[in-house]
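Student: I would like to learn how to read the features of a protein model, one kind at a time. Could we take a single structure and work through it together?

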Amino acid sequence: MRIAQFPRYLLYKEIMMLRARYWGAALLGASTPAIAAADVPDVAVDIPPVHSLVDRVMGELGSPKLVIQPGASPHGYSMRPSEAGALENADVVFWVGEALAPWLKGSMDSLAADAESVALLDVPETGTLAFRQGATFEAHDHHHGHGHGHGHDHSHDGTDPHAWLDPENAQAWLAAIARSLSDADPENADIYRENARQGKAELDELMGELRARLAHAQDTRFIVFHDAYQYFENRFDLSAAGAISLGDASDPSPARIDELRELVNALDVDCVFNEPQFNPQLVENVFADTGVDTSIVIDPLGTGLPPGEGLYPRLLRQLADGVVQCAAGA
């Protein structure tokens with residue numbers, strides 16, 4: 001039957017039914033992702049490297065909210081209203097722990113009391129190290145233990161919280177993140193576990209790459225701005241000769257500066273690394289007349305790197321770049 005012969009009211013009815021089916025399917029298709037997204041937990045994290053690891057596990061399901069912005073010190077921080085809101089709305093909070101951000105515990109208690117709090121330093125598989133003592137680290141060895149307080153044979157006063165700079169710790173944290181997200185969102189558990197598995201495999205490849213790059217830099221003599229890098233050093237058989245500031249990045253004392261200047265001369269130190277968060281003029285003023293290279297900048301937090309799952313591997317590559325550059329100029 002030609003359309004011209006089809007009764008008009010039946011033609012109109014058929015058209016309306018087709019439109020209804022079309023728009024119904026379209027609306028159903030549009031609403032399905034929204035329903036799935038609503039089941040994904042709201043997640044808050046403390047620092048960019050942890051954000052990167054959590055983002056790797058969440059994948060296309062969502063992204064965590066960052067509480068401490070790039071370039072800021074996690075040791076003390078005043079949250080913006082949007083960051084406080086991210087904590088308040090969170091179902092799960094991943095953070096390094098009180099050793100890195102002691103102020104954050106109180107904020108979570110008041111703003112995120114109902115959220116699951118995961119302190120990654122407390123993950124049983126995390127290998128931790130004690131803070132090194134003094135301006136120089138002659139007593140430091142390369143033993144890497146698992147569990148708090150292992151790794152050193154000298155006095156210490158607490159756990160060094162910069163544990164994310166050991167990629168084996170990052171692998172343990174990927175698994176822990178996947179477990180917590182799976183508990184909060186069982187429907188997507190397989191996705192979280194698979195993303196974590198892939199992330200761990202990527203870190204295996206990255207460690208192989210960095211070991212090859214750093215194999216000829218293990219005798220490089222360098223001083224760091226503050227003692228935040230020993231996890232990276234231990235993993236790749238490097239060893240800083242000293243640190244300008246203490247582990248909490250406090251200002252160095254005159255006695256500490258004198259000790260480091262003597263060390264530069266005695267050990268023929270190759271480089272003193274700057275950090276973007278701190279005044280480079282301090283390094284230049286202290287070491288300008290020693291002939292040591294003070295131009296290389298490294299950073300434990302990934303300042304300046306785009307946030308997301310790619311930040312963590314880029315951060316480790318940047319640290320390796322700095323050491324390789326120092327070794328090349330030695």
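Student: Which kind of contact do the side chains of Glu-194 and Arg-197 meet in?

Tutor: The model is predicted, and in it the side chains of Glu-194 and Arg-197 form a salt bridge, with 2.7 Å from N to O. Both residues belong to helix α6, which spans residues 189–214, and they are three residues apart, about one turn of the helix. Glu-194 has a relative accessible area of 32% and is therefore partly exposed, and Arg-197, at 48%, is partly exposed as well.

Student: How many salt bridges does a search of the whole structure find?

Tutor: The search finds 16 of them. One of these joins Arg-132 to Glu-233, whose closest N and O atoms are 2.9 Å apart. This pair links distant parts of the chain, since Arg-132 sits in the loop between β5 (129–130) and β6 (159–160) while Glu-233 sits in helix α7 (residues 230–235), 101 residues apart.

Student: Are Arg-132 and Glu-233 buried or exposed?

Tutor: The general idea is to compare the relative accessible area with a cut-off, because a residue counts as buried when that value is under 20%. Arg-132, with 6% relative accessibility, is buried, and Glu-233, with a relative accessible area of 1%, is buried too.

Student: What is the distance between the closest N and O atoms in the salt bridge of Asp-289 with Arg-261?

Tutor: Those atoms lie 3.1 Å apart. Here again the pair links distant parts of the chain, with Asp-289 in the loop between α9 (280–287) and α10 (311–328) and Arg-261 in helix α8 (residues 254–267), 28 residues apart. At 61% relative accessibility Asp-289 counts as exposed, whereas Arg-261, with a relative accessible area of 25%, is partly exposed. Salt bridges can also share partners, and in this way Arg-56, Glu-202 and Glu-309 are joined into one network.

Student: Now for a sheet: what is the order of the strands in the open sheet of three strands?

Tutor: The order here is β8-β7-β9, and the pairing is parallel. The edge strands, each pairing on one side only, are β8 (242–245) and β9 (271–272). Strand β7, residues 222–226, pairs with β8 over three bridges in the parallel sense, and His-226 has Ser-245 in β8 as its bridge partner. Helix α8 lies across β7 and β8, and runs at about 145° to β8.

Key:
Residues numbered from 1 in each chain as written. Predicted model: local features only at pLDDT ≥ 70, side-chain atom pairs only at ≥ 80, totals over all residues. Heavy atoms only, no water. Salt bridge = Lys/Arg side-chain N within 4 Å of Asp/Glu carboxyl O. Helix = DSSP H or I, 4+ residues; strand = E, 2+ residues; numbered from the N terminus. Buried < 20%, exposed > 50% of the residue type's maximum accessible area, 1.4 Å probe, protein only. Pairing = 2+ DSSP bridges. Contact = heavy atoms within 4.5 Å. Axes fitted to C-alpha atoms, helices over the stretch in contact; angles between N-to-C directions.
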